[in-house]
Amino acid sequence: MSARETLDEVLHELRACRICRDAPRYLPPLPHQPRPVIQASATARLCIAGQAPGTRVHASGRPFTDASGVRLRRWLGIDEAVFYDSARVAVVPMGHCFPGQDAKGGDLPPRRECAPAWRERVFAAMPRIELILAIGRYAQDWHLAEGKGRGLTATVADWRELLARPVHPRVVPLPHPSWRNNAWLRLNPWFEAELVPVLQREVARLVA
């Protein structure tokens, strides 16, 4: 990113991106029309770093317009009006386009071309971000590289230490709010009993 590049300029390019269809590096071309999804502004202080759009988000063009979004907003303690206010909340997935589904109907991982092409430029244009919520393994591996390979439970269990770090922005790891993680949530009740209340206080301060 150049010194004069604004977020609007980055977003204009990103929303026209067709790398995964026209110039893929790691996998076959995306089999459908790309539709990059992102919510960002230069004033947002909270950023949700997710994985990639699913089928419903690909159709709507808005992040977390599915059951996962309902659970995520409950964890954060905010309603849709706040969540979709880009002036306060940024949503920057690791892959901006729906990657398609595997043979079992599950979503494929985020396309590997996406994050190296866009992530540094987007965050450089959002200097007010104070807290990044890294949702799932792909976001955690990128934003918490020192913990790569440790596994979800061990990474999320370090949330107190990570939140207390004197760094900018701070990063807190979260499990994905998908129903696929219901078993994990049952096995780790400390997440909703201990982490979620602290998370809600942090979020309330940042979106005030």
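1. Is Arg-111 buried or exposed in this structure? Arg-111 is buried, its relative accessible area being 9%, where buried stands for under 20% relative accessible area, exposed for over 50% and partly exposed for what lies in between, with a 1.4 Å probe and protein chains only. The model is a predicted one, in which local features need pLDDT of at least 70 and side-chain atom pairs count only at pLDDT 80 or more, while totals for chains, interfaces and linings use all residues. Residues are numbered from 1 along each chain as its sequence is written, and side-chain values use heavy atoms, with hydrogens and water left out.

2. Arg-111 lies in the loop between β2 (89-91) and α6 (114-124); helices (H or I, at least four residues) and strands (E, at least two) are DSSP runs, numbered from the N terminus. The side chain of Arg-111 reaches the backbone oxygen of Cys-20 at 3.4 Å, and a polar contact of 3.2 Å links the side chains of Arg-111 and Glu-113. A polar contact is a pair of N or O atoms within 3.5 Å, of which, within protein, one must be able to donate a hydrogen and the other to accept it, and residues adjacent in sequence count only if both atoms are side-chain atoms. With neighbours within four places in sequence left aside, Arg-111 is in contact with Cys-20, Pro-24, Leu-27, Pro-28, Pro-29, Leu-30 and Pro-99, contact meaning heavy atoms within 4.5 Å.

3. In α6, the buried residues are Cys-114, Ala-115, Trp-118, Arg-119, Arg-121, Val-122 and Phe-123. Their cover includes α1 (7-15), α2 (19-22), β1, β3 and α7 (136-143).

4. The largest nonpolar core has 30 residues, and Ile-48, Leu-76, Phe-83, Leu-133 and Phe-191 touch the most other members. Helix α11 (residues 190-207) provides the largest share of this core, eight residues. A nonpolar core is here a set of buried Ala, Val, Leu, Ile, Met, Phe, Trp, Tyr and Cys residues joined through side-chain atoms within 4.5 Å. Not counting residues up to four places away in sequence, Leu-133 touches Leu-46, Cys-47, Ile-48, Ala-49, Leu-76, Val-172, Leu-174 and Leu-199. There is also a second, separate core of 27 residues, with Ala-44, Ala-90, Ala-139 and Leu-144 among them.

5. Leu-144, in the loop between α7 and α8, is buried with a relative accessible area of 6%. Residues up to four places away in sequence aside, Leu-144 touches Ala-139, Thr-155, Leu-162, Arg-165, Val-171 and Pro-173. For Leu-144 and Val-171, which are 27 residues apart along the chain, the C-alpha atoms are separated by 7.6 Å. Thr-155 belongs to helix α8 (residues 152-157) and is likewise buried, with a relative accessible area of 8%.

6. Seven of the ten residues of α4 are buried, so this helix is largely enclosed by the rest of the structure. The buried residues are Ser-68, Gly-69, Arg-71, Leu-72, Arg-73, Trp-75 and Leu-76, and they pack against β1 (46-49), α5 (80-83), β3 (131-135), α10 (182-187) and α11. Val-70, also in α4, counts as exposed at 55% relative accessibility.

7. Helix α4 (residues 67-76) packs with α11 at an angle of about 75°, the axes lying 7 Å apart; axes are lines fitted to C-alpha atoms, for helices over the stretch in contact, and angles run from 0 to 180 degrees between N-to-C directions. The two helices α4 and α11 are therefore roughly perpendicular to each other, a term for angles of 65 to 115 degrees, whereas under 35 counts as roughly parallel, over 145 as roughly antiparallel and the rest as oblique. Arg-74, Trp-75 and Leu-76 of α4 meet Phe-191, Glu-192, Val-196, Leu-199, Gln-200 and Val-203 of α11.

8. Some backbone details deserve a check. At the start of α4, a side-chain oxygen of Asp-66 comes to within 3.2 Å of the backbone nitrogen of Ser-68, and α4 is followed by Gly-77, with a positive phi near 75°. Phe-64, in the loop between α3 (55-60) and α4, has a positive phi of about 55° although it is not a glycine, and Phe-64 counts as buried at 10% relative accessibility. The peptide bond from His-168 to Pro-169 is cis, with omega near -5°, and Pro-169 sits in the loop between α9 (159-164) and β4 (170-174).
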